[in-house]
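Here is a short briefing for a reader new to this structure. Please look over the sequence and the model before reading on.

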Amino acid sequence: MARPNIEERQKRQVHVKKNDQVVVLSGKDKDKKGKVIEVLREKGRVVVENINLAKRHTKPRPGQHNGGIMEKPLALEASKVQLICPKCGKPTRIGKKATEVDKKTVFVRVCKHCNEEI
């Protein structure tokens, strides 16, 4: 039996999607809330706006920006964020529920607190 290569083993399923509201569970930005800008599924990381900021010293470039010290959000581990339910407003884990749409089974995310679709 062949072992899966490294790239297949590193791909992870991430529980949040782009534009989800999340709260940070640990680290220097603990208890801060923000919107997911980008999901890096291969690395199991997410980029959240105004969270985990790093300062970048940039040179001026013609037609782009003036340069100087700019803040840029860096990726953090997806396990360090928890989804905020848009219906009840609480940080929650998610469940999956099967629904049938046009004779196809589709799985939707469900809040564990209020059992509403996300």
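The protein exposes about 9100 Å². Carbon and sulfur atoms supply 47% of that area. The model is predicted, and the average pLDDT of the protein is 89.

**Surface and burial**
- Of the 118 residues in the protein, 24% are buried.
- The protein carries 29 positive and 14 negative charges.
- The mean position of the positive charges lies 4 Å from that of the negative charges.

**Confidence**
- A pLDDT of at least 70 is reached by 91% of the residues.
- Helix H1, residues 6-10, has the lowest confidence, with a mean of 58.
- Strand S1, residues 21-24, has the highest, at 97.

**Secondary structure**
- The protein contains 1 helix and 10 strands.
- Read from the N terminus, the order of elements is α-β-β-β-β-β-β-β-β-β-β.
- The helix in that order, H1, is also where confidence is lowest.

**Overall dimensions**
- The radius of gyration of the protein is 18 Å.
- For a compact globule of 118 residues, the value would be near 13 Å.
- Taken along the principal axes, the C-alpha atoms fill a box of roughly 55 × 45 × 30 Å.

**Contacts along the chain**
- Among contacts in the protein with a separation of 6 or more, 39% join residues 24 or more positions apart.

Terms used: Residues numbered from 1 in each chain as written. Predicted model: local features only at pLDDT ≥ 70, side-chain atom pairs only at ≥ 80, totals over all residues. Heavy atoms only, no water. pLDDT = per-residue confidence, 0-100. Helix = DSSP H or I, 4+ residues; strand = E, 2+ residues; numbered from the N terminus. Rg over C-alpha atoms; globule rule 2.2 N^0.38 Å. Buried < 20%, exposed > 50% of the residue type's maximum accessible area, 1.4 Å probe, protein only. Contact = heavy atoms within 4.5 Å. Areas by Shrake-Rupley, 256 points an atom, 1.4 Å probe, with all protein chains shown as cover. Lys, Arg positive; Asp, Glu negative; His and termini not counted. Charge placed at Lys NZ, Arg CZ, Asp CG, Glu CD.
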